[in-house]
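Subject: Structure handover

Hello,

Here is the structure we talked about.

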Amino acid sequence: MKRRCGPPRVPPPHLLRQRLDAVLAVVYLIFNEGYSGRDELAAEAIWLGRALAELLPDDPEVHGLLAMMLVHDSRREARFRDSELVLLGDQDRSRWNTEQITDGRAELDRALALGGRGPYVLQAAIASLHAETPCDWAQLAALYGELARLTGSPVVELNRAIAIAETEGPEAGLRLVAQLGLDDFRYLHSTRAELLRRLGRTDEARDAYRRARELTDDGAERRFLERRLTELTAGDRP
């Protein structure tokens, strides 16, 4: 991707925070689009994150966003196998980019040293914990809770429910999921399906997987959901 604009400049102090927040949001959106399969966009977002970190070395949210992107992107090569989506817990960690994880954690350390506790710093801390073995689910639940209080996002609460399910069991996770009201959000239904499957509530799990599939346009995600449905059907056979 060609960059034809001039060198980035820091706006005056009275405009900095508002403009920076908008820029960080745009970079985050670019990275998310790239993380869905467009590697060039993910690389562009990381380049922009590094440029911002050089321009604003004392802003913790800048370092937090860069840290989060680096750690997430480190798993890019392991997220798919033969064009099939691979969940985090099933990924081949030998394919993770450990150099990027190290760089991401260094950026996170910088953000924390600057007193950062904003949404990007919290998301970076969560991403870093997900890269550890074993995963500290209790700490993840606490971080998701802090992020949920900060953002008011039901999607963050859904992620907290997943962490709670790992520490307190799938029933506890399901109770939280039932309170979220994200009826048109595919990941709510796929999460609910996974928890129901773990409880052996096969019919309900099948219905939830089907609802998630109805809401999913992404080909790799649809194939993953169809594979789960096939596994449930096979498990029902005598």
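Helices (H or I, at least four residues) and strands (E, at least two) are DSSP runs, numbered from the N terminus. The expected span of a helix is 1.5 Å times one less than its number of residues.

Two notes on the source. This is a predicted model, so local features need pLDDT of at least 70 and side-chain atom pairs count only at pLDDT 80 or more, while totals for chains, interfaces and linings use all residues. Residues are numbered from 1 along each chain as its sequence is written, and side-chain values use heavy atoms, with hydrogens and water left out.

**Helix α7**

Helix α7 covers residues 154–168, 15 residues in total. From first C-alpha to last it reaches 20 Å, close to the expected 21 Å. Its buried residues (under 20% relative accessible area; exposed is over 50%, partly exposed in between; 1.4 Å probe, protein chains only) are V156, L158, A161, A163, I164 and A165. Their cover includes α6 (137–151), α8 (170–177) and α9 (186–198). Just after α7, G169 takes a positive phi of about 105°.

T191 sits in helix α9. It is buried, because its relative accessibility is 11%. Leaving out residues up to four places away in sequence, T191 touches (heavy atoms within 4.5 Å) L158, I162 and V177.

**Cores**

A nonpolar core is a set of buried Ala, Val, Leu, Ile, Met, Phe, Trp, Tyr and Cys residues joined through side-chain atoms within 4.5 Å. The largest has 58 residues. L24, V62, L65, M69 and Y209 touch the most other members. A second, separate core has six residues, including V71, W96, I101 and A131.

**Salt bridges**

There are 22 salt bridges, each a side-chain nitrogen of Lys or Arg within 4 Å of a carboxyl oxygen of Asp or Glu.

- R76 and D39 meet at 3.8 Å, N to O. This pair links distant parts of the chain, 37 residues apart: R76 lies in the loop between α3 (60–73) and β1 (80–81), D39 in helix α2 (residues 39–55).
- D58 pairs with R110, the closest N and O atoms being 3.0 Å apart. Here D58 is in the loop between α2 and α3, and R110 is in helix α4 (residues 98–113), 52 residues apart.
- R206 pairs with D203, with closest N and O atoms 3.0 Å apart. R206 is buried at 10% relative accessibility, whereas D203 is exposed at 54%.

D39, D73, R76, E77 and R95 are linked in a network of salt bridges.

Best wishes
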